[in-house]
Amino acid sequence: MNIAKPAALLVAATALLAGSTVAATAAAGPTGGYHPDGTRVTSLQRTAAEVLGKDQRAPLSVSADKVTYDGLAVTKAPKGDFSAQDLACDYGHLCMIVKGTKFDFYKCQKWNLTNWTGDGPFTNNQTTGTVAKFYNQDGSVRWTSTAYQAGTATWDPIYSLRPC
């Protein structure tokens with residue numbers, strides 16, 4: 001009897017109950033694993049979970065190169081990493097590239113983040129005048145972006161953001 005799947009589910013569920021999404025996704029292993037609800041976790045979902053940290057939510061849809069959540073789409077670059085030229089951002093959206101992965105926020109809510117490191121391009125293509133806020137660990141505002149604005153940001157340390 002193969003107990004790998006039930007064991008992975010138990011480890012992931014225990015980690016989630018303990019409040020550690022990163023530990024739960026790490027338990028899935030580098031070649032894939034399972035979400036506590038029994039669905040297969042893709043490497044892109046693990047990447048999203050690493051960045052979303054405690055704010056991980058159940059995805060609405062999953063494909064090889066895109067995971068969609070309620071208010072966020074996470075897209076894997078077709079050839080490794082995205083560049084600033086790849087950052088097309090729909091009107092009404094706040095988009096950025098973190099660790100070579102594109103994050104497209106389109107729902108007005110606070111998103112908790114973890115493991116945001118390095119520099120990357122962003123585009124605030126929301127309604128003119130909409131202010132996106134990026135927060136420090138203590139909840140104070142680190143910086144803001146007023147739509148329309150595009151540029152390069154230093155992601156560390158960003159612990160949460162509110163697109164609008």
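Buried means under 20% relative accessible area, exposed means over 50%, and partly exposed is anything in between, using a 1.4 Å probe and protein chains only. The model here is predicted, so local features need pLDDT of at least 70 and side-chain atom pairs count only at pLDDT 80 or more, while totals for chains, interfaces and linings use all residues. Residues are numbered from 1 along each chain as its sequence is written, and side-chain values use heavy atoms, with hydrogens and water left out.

Now to the cysteines. A disulfide is a covalent bond between the sulfur atoms of two cysteines. In practice, a pair of cysteine sulfur atoms within 2.5 Å is taken as one, and the structure holds 2 of them. Counting bonded cysteines along the chain, the pattern reads 1-2, 3-4.

The link of Cys 89 and Cys 95 is right-handed, with 80° about the S-S bond. Cys 95 has 0% relative accessibility, so it counts as buried. Cys 89 counts as buried too, because its relative accessibility is 12%.

The other disulfide joins Cys 108 to Cys 164, with 1.7 Å from S to S. The torsion about the S-S bond of Cys 108 and Cys 164 is about 135°, which means this disulfide is right-handed. The pair links distant parts of the chain, 56 residues apart: Cys 108 sits in the loop between β7 (101-105) and β8 (111-112), and Cys 164 in the segment after β13 (160-162). Strands here are DSSP runs (E, at least two residues), numbered from the N terminus. At 51% relative accessibility, Cys 108 is exposed, whereas Cys 164, at 27%, is partly exposed.

Key
Helices (H or I, at least four residues) and strands (E, at least two) are DSSP runs, numbered from the N terminus.
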